[in-house]
Amino acid sequence: KTMKRHIDNLWLLGGELIREINMDESLRQKTPLDLIRDNVSEDGGPYYCHLDTEEKMQSFDATCKKFHKFLIKQKNNHGPLV
């Protein structure tokens with residue numbers, strides 16, 4: 001159940017990043033990792049307007065926070081992700 005929730009939230013994050021790229025074509029010049037780093041932080045993820053409850057937004061942010069921690073850990077242990 002937890003894995004499914006995180007997978008669903010990562011799917012939402014990907015959709016939001018694609019939406020942002022379609023709204024601002026200059027973002028297409030960025031690498032996917034830079035785009036993720038710009039939108040995912042220790043505070044959570046980007047605002048996602050289609051989440052209709054506070055609980056869903058908190059779940060989305062929790063996944064983004066965990067993803068941010070993972071990216072930091074990978075960078076510290078193995079160098080930059082490419």
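Select lysine 1: it is exposed, with a relative accessible area of 89%. Exposed means over 50% relative accessible area, buried under 20%, and partly exposed in between (1.4 Å probe, protein chains only). This is a predicted model, where local features need pLDDT of at least 70, side-chain atom pairs count only at pLDDT 80 or more, and totals for chains, interfaces and linings use all residues. Residues are numbered from 1 along each chain as its sequence is written, and side-chain values use heavy atoms, with hydrogens and water left out.

Lysine 1 sits in the segment before α1 (2-23). Helices are DSSP runs (H or I, at least four residues), numbered from the N terminus.

Helix α3 gives the largest share of the positive patch, three residues.

Next, go to tyrosine 48, in the loop between α2 and α3. Tyrosine 48 is buried, with a relative accessible area of 12%. Show phenylalanine 60 too; it is also buried. There is one aromatic pair (ring centres within 6.5 Å; planes under 30 degrees apart are stacked, over 60 edge-to-face, the rest tilted). The ring centres of tyrosine 48 and phenylalanine 60 are 5.9 Å apart and the planes are at 40 degrees, so the pair is tilted. It links distant parts of the chain, with phenylalanine 60 in helix α3 (54-78), twelve residues from tyrosine 48.

Terms used:
Rings of Phe, Tyr and Trp (its six-membered ring) pair if their centres lie within 6.5 Å; planes under 30 degrees apart count as stacked, over 60 as edge-to-face and the rest as tilted. Helices (H or I, at least four residues) and strands (E, at least two) are DSSP runs, numbered from the N terminus.
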